[in-house]
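Visitor: Hi, could you walk me through this one? I'd like to start with a pocket.

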Amino acid sequence: MNKNKFKMIFEPGWLIVFSGLDSAGKSTQIELLLNFLLEHGKKPVYLWSRGGYTGPFNFLKSCLRKILKKKLPPPGRNEDRENAFKKIWIRNIWLILAIFDLILVYGIYIRIIKFFGRCIIADRYLGDTWIDFKLNFPNAEIDQWPLWKVLKWITPKPDASFMLLIDVDESLRRSLLKKEPFPDSKEVLYKRLDMYKGISCTQGYKRIDCLQVLEKIHNEIVETISLKS
C-alpha cells in the first residue's frame, strides 16, 4: 500500500467500529490495526463500550455499592442480580442510566475526539448494546423508548464498520481457552449470532469470517477501509 493511498484511507476524524460474536477475534484485529496506525505516525484513540458497562457507568455502580453495600447485588451474573432485574422499576432505572451514559460517550465524547481529528477505533458500538438489551430484557421494548431514539439519533455513523463472526461451537471453544468469567450459553450464542447477522445486513457492516488466518483478516480490514476512502 503506497503512502498516498494510506493518507486517503485514514482521514482525520475517522470512526472505525468492530462488532461481532464473543471470541471472534475483535481484540486481536483491533490491536493489529492500532499497531498499523502507530507505525504510520498516527495516534488513534481506542474506545471500548457496552451499554451498562462503560468506565463512567462502572464507576457509578462501584460508588453505589460502597454506599448501599449489600442492598445492591454483586457484579457479574448471579441470582441476586437476576432477581433484582425482575422488578420492572429497577430494570428501567438501570436501562435509563445505561442509555444516558451512552449518549454522553457516543454523542459527546466521540464527537469531541472526531472534532480534533483523531481516528477512533471502537471495540463494540451501538448495535452490540442493542443486541445485549434485546437478549437480556426482551420485554422492555427498548426500540420504542424516546431516550433510545435520542441515542440512535445522536450516535455518529461509523466511517467503516466490521462484523467479525465465527460459529457458535468455535466461540464456546475459544471462550473456554480464554477462561471467560461469564460466557453465554450455547442457546444464547445462537440467538446472538442470528441477531448479528441481521444487523450486519441492515446497518452497513462488512461481515468477516474469522476462521481465516489472522493476517488475511487484517489485510481484508485495511483493504475495505481503502475502498471506502
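Guide: Happy to! The lining of the second largest pocket has seven nonpolar, four polar and three charged residues (nonpolar are Ala, Val, Leu, Ile, Met, Phe, Trp, Tyr, Cys and Pro; charged are Asp, Glu, Lys and Arg; the others, Gly among them, are polar). This is a predicted model, where local features need pLDDT of at least 70 and side-chain atom pairs pLDDT 80 or more, while totals for chains, interfaces and linings use all residues. Residues are numbered from 1 along each chain as its sequence is written, and side-chain values use heavy atoms, without hydrogens and water.

Visitor: Which residues lie nearest the centre of that second largest pocket?

Guide: Tyr125, Leu126, Gly127, Lys152 and Gln203, out of 14 lining residues. The space inside comes to about 340 Å³. A pocket here is an open set of points on a 1 Å grid where a 1.4 Å probe fits, with protein on both sides within 12 Å along at least five of seven lines, and lining residues have an atom within 4 Å of a point. The volume is the space filled by probe spheres set on the points.

Visitor: And which helices each supply at least two residues of the lining?

Guide: H6 (126-136) and H7 (146-154) do, with H6 giving the largest share, three residues. Helices are DSSP runs of H or I with at least four residues, strands are E runs of at least two, and both are numbered from the N terminus.

Visitor: What covers the buried residues of H6?

Guide: The cover includes S1, H5, H7 and H9. The H6 residues in question are Leu126, Gly127, Asp128, Thr129, Ile131, Asp132 and Phe133 (buried is under 20% relative accessible area with a 1.4 Å probe, protein chains only).

Visitor: Switching topic, how many aromatic pairs are there?

Guide: Eight, counting Phe, Tyr and Trp rings (six-membered ring for Trp) with centres within 6.5 Å; planes under 30 degrees apart are stacked, over 60 edge-to-face, the rest tilted. Take Trp94 and Phe133: their ring centres are 6.2 Å apart and the planes meet at 70 degrees, so the pair is edge-to-face. Trp94 sits in H5 (88-115) and Phe133 in H6, so this pair ties together parts 39 residues apart in sequence.

Visitor: What about H9, how far does it reach from its first C-alpha to its last?

Guide: H9 (186-202) spans 25 Å with its 17 residues, close to the 24 Å expected at 1.5 Å a residue (that is 1.5 Å times one less than the number of residues). Its buried residues include Leu189, Tyr196 and Ile199, and the buried set packs against S1 (15-20), H6, S4 (160-165), H8 (168-178) and S5 (206-209). After H9 comes Gly204, with a positive phi near 80 degrees.

Visitor: Is Ser171 buried or exposed?

Guide: Ser171 counts as buried because its relative accessibility is 0%. It is found in H8, in contact (heavy atoms within 4.5 Å) with Leu21, Asp22, Ser23, Ile166 and Leu189, leaving aside neighbours within four places in sequence.

Visitor: Last one: where is Thr155?

Guide: Thr155 is in the loop between H7 and S4, and it is buried, with a relative accessible area of 11%. Beyond neighbours within four places in sequence, Thr155 contacts Tyr106, Arg111, Tyr125 and Leu126. Its C-alpha is 8.8 Å from that of Ile108, 47 residues away along the chain.

Notes
Buried < 20%, exposed > 50% of the residue type's maximum accessible area, 1.4 Å probe, protein only.
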